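Dear colleague,

Please find below the structure that I am handing over to you.

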Amino acid sequence: MTHSQIERNDIVDWYLAGKLQPQVQAEFEDHFLACPHCVERLEQDRRPVAAILEACVAERYQLEDREVWPVALQAWSLGAALAGVALLVTFGLRPAAPPRARIERSSPDRLPVVELAAYRAGGGAGSKIPVAVAGKPFLLKLDLRGLSPSEIYQVSIVTESGELVWSGTAAGTGGQWLEVPVRGARLGPGAFFVRLAGVREYALVVE
Amino acid sequence: MSGDLENPESTALWERVVPEILSGGTTGQEILYAVFERGVRFYLAHHMRTEDVEDKVHDTFLAVVNAIRDGQLREPGRMAGFVRTILERQLAGYFTEAQRRQGLSSEDVSQIQPRERLNPEQEAMRAERRRFARKILRGLPEVDREILMRFYLEGQTAEQICFQLGVSETQFRLRKNRAKQRFGELVREAVRKKPGRQLLLRKSAASGH
């Protein structure tokens, strides 16, 4: 790997964002381990890229708004809040909630099911945000359409900044969906990405 | 290229250094340390999500030297790949130990980061950090913001972004780098205004958030 390849392909940025394919990542690591120039760039860009990722995820999934909601509520006058509630009750209005993926409750092994469509194929603003429950095990169903069949799939869950929090393997059945029980991850609230063997990425929110 | 171990000069270097290490001398070890110390330190900090990697750096070099003396390095010219393999083993041991500490079954997970659940105070700090980061993002010009979202979050390539936003590759790189620089400046500025944020940012860098 040469410096011109690294520059041309934004390797440093994508390494820090955790978005490199495993083979490319290994090649880049072989390079930077002995390259003071690249290590300096990595050290320099690490904080800004981590902060950018955090901001982008918060912006995309409106995470900040959900977290500040109780604070905002405190700032309102009690009368205004009550009037709002009365209006909602009177006219049957409900505040708009972000669209979410349905969580089924009747999987074969009794885990709640979270179905994830391919992120890059449909991750635009307004698309459904799959939600899992914090601290609880769940069954991931990953959309395999468009991928070559495989006997074994490596699945990992990473934070918005690429931090690995869980990984495991699952056997393919040749069908459209790959079922992956996630029992030991202990995911806290936040935004995550589910990566399928470096070929597909799905968005996942845990609340 | 500096540090490129695939070039003949570097191969020649390691062909001289490896026998030194095999003979038990310290010069070879010193060269090994001088070349790889900074990269090994960053690798460990990046993957372990902590700045506290001193012990692991030491353990890694010890493991590399021992592995060389065991005859595991067949091609001296591929020293960087060899060091990375040792690093991967070190990380695997670290994660296995973390998994054991958390009482997780290997049936459930094959690998897990030693990431503890956040307590309420840490949650509050995380929320504040997120609000702050989002505020910075919103302060950027719309095109710059769009480039950052598409590039870092959605993983779009430069080619895709240029096509979809109608900008040249030069403009893309200029805008991305300028936005990144601006983001870095704003982060530093916020740290100056509110020293308490320094801790948040240190934790952010350590945890990768």
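Of the contacts in chain A with a separation of 6 or more, what percentage is accounted for by residues 24 or more positions apart? The figure is 64%, where two residues are in contact if their C-beta atoms, placed from the backbone, lie within 7 Å. In chain B, 54% of the contacts between residues at least 6 apart in sequence join residues at least 24 apart.

Please note that this is a predicted model, in which local features need pLDDT of at least 70 and side-chain atom pairs count only at pLDDT 80 or more, while totals for chains, interfaces and linings use all residues. Residues are numbered from 1 along each chain as its sequence is written, and chains are lettered from A and ligands numbered from 1 in the order in which they are written.

Confidence

The predictor gives the complex an ipTM of 0.78 and a pTM of 0.62. Chain A has an average pLDDT of 70, and 62% of its residues score at least 70; pLDDT is the predictor's confidence in each residue, from 0 to 100. Within chain A, the mean is lowest in strand β1 (residues 103–104), at 38, and highest in helix α2 (residues 11–16), at 90. Over residues 65–78 of chain A the pLDDT is below 50, and this stretch has four contacts in the model beyond near neighbours in sequence. Residues 119–127 of chain A also have a pLDDT below 50, with 10 such contacts.

Chain B averages a pLDDT of 76, with 74% of the residues scoring at least 70. The pLDDT stays under 50 over residues 1–6 of chain B, for which the model has 15 contacts beyond four places in sequence. It also stays under 50 over residues 197–209 of chain B, where the model has 34 contacts beyond four places in sequence. Where pLDDT is low, the predicted coordinates should not be read in detail.

Chain A

The secondary structure of chain A comes to seven helices and nine strands; helices (H or I, at least four residues) and strands (E, at least two) are DSSP runs, numbered from the N terminus. Of the 207 residues in chain A, 37% are buried. A residue is buried if 20 or more other C-beta atoms lie within 10 Å of its own, exposed if 12 or fewer, and partly exposed in between, with C-beta atoms placed from the backbone.

Strand β8 (residues 190–196) of chain A is mostly covered, with seven of its seven residues buried. From this strand, A:Gly190, A:Phe192, A:Val194 and A:Leu196 point one way, and A:Ala191, A:Phe193 and A:Arg195 the other way. Seven bridges join β8(A) to strand β9 (residues 200–206) of chain A, and the two run antiparallel. The bridge partner of A:Gly190 in β9(A) is A:Val206.

Chain B

Chain B has nine helices and zero strands, and 34% of its 209 residues count as buried. Helix α3(B) has 16 residues and reaches 23 Å from its first C-alpha to its last, close to the 22 Å expected at 1.5 Å a residue; the expected span is 1.5 Å times one less than the number of residues. Its buried residues are B:Lys56, B:Val57, B:Thr60, B:Val64 and B:Ile68. Seen down the helix axis, these fall within an arc of 105°, so they line one face of α3(B); the arc is that of the directions from the helix axis to the C-beta atoms. On the other side, B:Glu54, B:Asp55, B:His58, B:Leu62 and B:Asn66 are exposed.

Finally, B:Lys180 is placed in helix α8 (residues 169–193) of chain B. B:Lys180 counts as buried because it has 21 C-beta neighbours inside 10 Å. Leaving aside neighbours within four places in sequence, B:Lys180 is in contact with A:Pro48 and A:Ile52.

With kind regards

Technical notes: Pairing = 2+ DSSP bridges.
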